[in-house]
Amino acid sequence: MSNKFKVLKVSREIGNNTKAVGPSMTSREAKEFAKVDAELVEVADSNKNKLFAALKDADILLYGGVPITRTMMEAAPKCIAIMTQTVGYDAIDIQAATDNNIFVMNNPAFEWCVEEVSNHAMTLLLACAKKVKILDKLVSQCHWADAKKALPPMGSIYGQTLGIIGCGAIGRMTARKAKAFGLNVIGYDPYMPERYLAKENGITLKRLGDVLKADYVSLHPDLNETSLHMIDDKAFAHMKPTAYFINTSRGKVVDEMALVKALEEKRIAGAGLDVFEKEPADQDNPLLKMDNVIVLPHSAFYSDASSVLAPITIGKQAGKVLSGRWPDNVVNKSVKPKVKLIKER
Ligand SMILES: NC(=O)c1ccc[n+]([C@@H]2O[C@H](COP(=O)([O-])OP(=O)(O)OC[C@H]3O[C@@H](n4cnc5c(N)ncnc54)[C@H](O)[C@@H]3O)[C@@H](O)[C@H]2O)c1
């Protein structure tokens with residue numbers, strides 16, 4: 001018997017979603033959706049014929065790493081919801097969703113990967129501070145003496161300062177972990193409603209200019225109009241030539257050309273990047289060629305544990321939607337009066 005509801009996941013490549021040990025993320029999601037009488041179909045956005053045929057029947061669109069556009073929404077007349085497991089929803093055209101009476105559900109609680117991303121930020125911070133990339137390269141090439149010579153300058157980590165930009169769930173968890181390494185933590189976040197949480201997590205809130213003067217600067221805002229390219233030439237001008245810059249948030253928070261310039265002109269010591277303005281990063285992106293820049297494939301969210309938890313989280317929310325209730329987090333709340341929930345159709 002076929003399932004009552006259709007969920008369409010639009011991915012860059014079928015089956016290429018981060019594979020866990022055992023079943024892939026998509027097959028785990030499919031299992032959760034099946035529990036709420038929904039069939040998950042995954043389609044690659046490059047296969048336009050298949051994609052547009054599947055859109056006709058979709059009750060829910062599930063974010064699979066590629067932008068969900070107005071054209072897709074207009075081709076999905078039955079669709080009431082777009083769901084993403086991520087906190088960021090910058091890849092979804094929210095205005096188009098509202099115009100098409102579709103609500104967008106994100107996942108700000110993000111309990112499934114706060115630990116992973118904060119670990120990733122600390123990994124990049126420690127690897128940059130300890131020059132892991134360049135030393136590994138020199139030792140692998142048997143340049144032992146050169147590796148020793150490359151050690152200074154090297155910070156102590158303990159007693160140094162970490163500046164956190166965006167003190168939400170991941171920023172705060174990173175702060176707690178950084179404290180265990182003896183770092184002093186300062187932060188910038190003019191928009192956080194619960195400012196007391198900064199102090200509770202060991203963060204002293206400061207102005208952006210002061211936070212940028214830290215020994216390590218780690219980015220954790222969501223991507224929005226205020227954070228788009230907020231780290232530009234002017235921001236890098238505040239940073240110390242010995243400082244390392246870490247980004248596990250979103251590539252577009254940084255003006256990448258300004259970052260390249262700051263690195264080329266040695267206005268900062270190096271960077272640890274999990275995210276890029278364009279993903280996958282282009283082969284000729286200068287950041288991929290720099291020994292003092294660690295580059296990772298937008299993988300901060302991943303652990304085997306998070307890949308098990310993520311589908312369960314989205315499955316629970318889908319259960320609510322498909323039984324006619326609102327999920328926990330609706331981004332475009334103004335659309336609510338216009339959406340016909342499943343039970344009303
Ligand atoms: N690399 C990955 O795999 C990965 C995985 C999960 C989340 N992320 C990204 O990590 C970031 C943080 O996620 P989170 O769960 O902590 O989000 P969150 O919503 O809990 O926190 C974001 C914080 O940023 C603040 N902020 C917004 N605009 C700002 C600005 N202009 N300046 C300073 N602060 C600003 C907000 O007030 C909020 O406190 C997001 O960009 C998210 O997309 C990346």
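Figure 1. C167 is buried, with a relative accessibility of 0%. In this predicted model, the cysteine sulfur closest to that of C167 belongs to C113 and lies 18 Å away, which is too far for a bond. The structure as a whole holds 0 disulfides. A further cysteine, C79, is likewise buried, at a relative accessible area of 4%. C167 is among the residues in contact with L205 when sequence neighbours of L205 within four places are left aside.

**Figure 2. Strand β8 at L205.** Strand β8 consists of residues 204-205 and includes L205. The relative accessibility of L205 is 28%, so the residue counts as partly exposed. Beyond its neighbours within four places in sequence, L205 is in contact with C167, G187, Y188, D189, R195 and A198.

**Figure 3. The buried acidic residue D45.** D45 occupies the loop that runs between β2 (38-44) and α2 (48-55). The residue is buried yet has no salt bridge. The nearest side chain of opposite charge is that of K48, at a distance of 4.5 Å; a salt bridge requires the nitrogen and the carboxyl oxygen to be within 4 Å. With neighbours within four places in sequence left aside, the contacts of D45 are V10, S11, R12, L51 and V66.

Figure 4. Side chains of opposite charge can pair when their charged atoms come close. R70 and E74 form such a salt bridge, with their closest N and O atoms 4.0 Å apart. Both residues belong to helix α3 (residues 70-74), where they are 4 residues apart, or about one turn of the helix. R70 is partly exposed, at a relative accessible area of 30%, whereas E74 is exposed, at 53%.

Figure 5. E115 and K177 form a salt bridge in which the closest N and O atoms are 2.6 Å apart. The pair links distant parts of the chain, 62 residues apart: E115 lies in helix α5 (residues 114-129) and K177 in helix α8 (residues 169-180). E115 counts as partly exposed, with 40% relative accessibility. K177, in contrast, counts as buried, with 17% relative accessibility.

**Figure 6. The salt-bridge network around R267.** R267 forms a salt bridge with E265, the closest N and O atoms lying 2.9 Å apart. Through salt bridges that share partners, D233, K261, E265 and R267 are joined into one network. R267 is partly exposed, with a relative accessible area of 22%, and E265 also counts as partly exposed, with 45% relative accessibility. The structure holds 16 salt bridges.

**Figure 7. Two cis peptide bonds.** P152 and P153 are joined by a cis peptide bond with an omega of about -5°. P153 is situated in the loop between α7 (144-149) and β6 (161-165). A cis peptide bond also joins E279 and P280, and its omega is about -5°. P280 is located in the loop between β11 (270-273) and β12 (293-295).

Figure 8. K131, a residue other than glycine, has a positive phi near 55°. K131 is placed in the loop between α5 and α6 (132-140), and is buried, with a relative accessible area of 14%. I157 is not a glycine either, yet its phi is positive, at about 70°. The loop between α7 and β6 contains I157, and this residue is buried at a relative accessible area of 7%.

Figure 9. The chain contains 13 helices and 12 strands. The C-alpha trace spans about 70 × 45 × 30 Å along its principal axes. Of the 345 residues, 50% are buried. Among contacts with a separation of 6 or more, 64% are between residues 24 or more positions apart. The accessible surface comes to about 16,400 Å², and 56% of this belongs to carbon and sulfur atoms.

Methods. Residues are numbered from 1 along each chain as its sequence is written. This is a predicted model: local features need pLDDT of at least 70, side-chain atom pairs count only at pLDDT 80 or more; totals for chains, interfaces and linings use all residues. Side-chain values use heavy atoms; hydrogens and water are left out. A disulfide is a pair of cysteine sulfur atoms within 2.5 Å. Buried means under 20% relative accessible area, exposed over 50%, partly exposed in between (1.4 Å probe, protein chains only). Helices (H or I, at least four residues) and strands (E, at least two) are DSSP runs, numbered from the N terminus. Lys and Arg count as positive and Asp and Glu as negative; His and the chain ends are not counted. Contact means heavy atoms within 4.5 Å. Accessible areas come from the Shrake-Rupley method with a 1.4 Å probe; for residues, only the protein chains shown count as cover.
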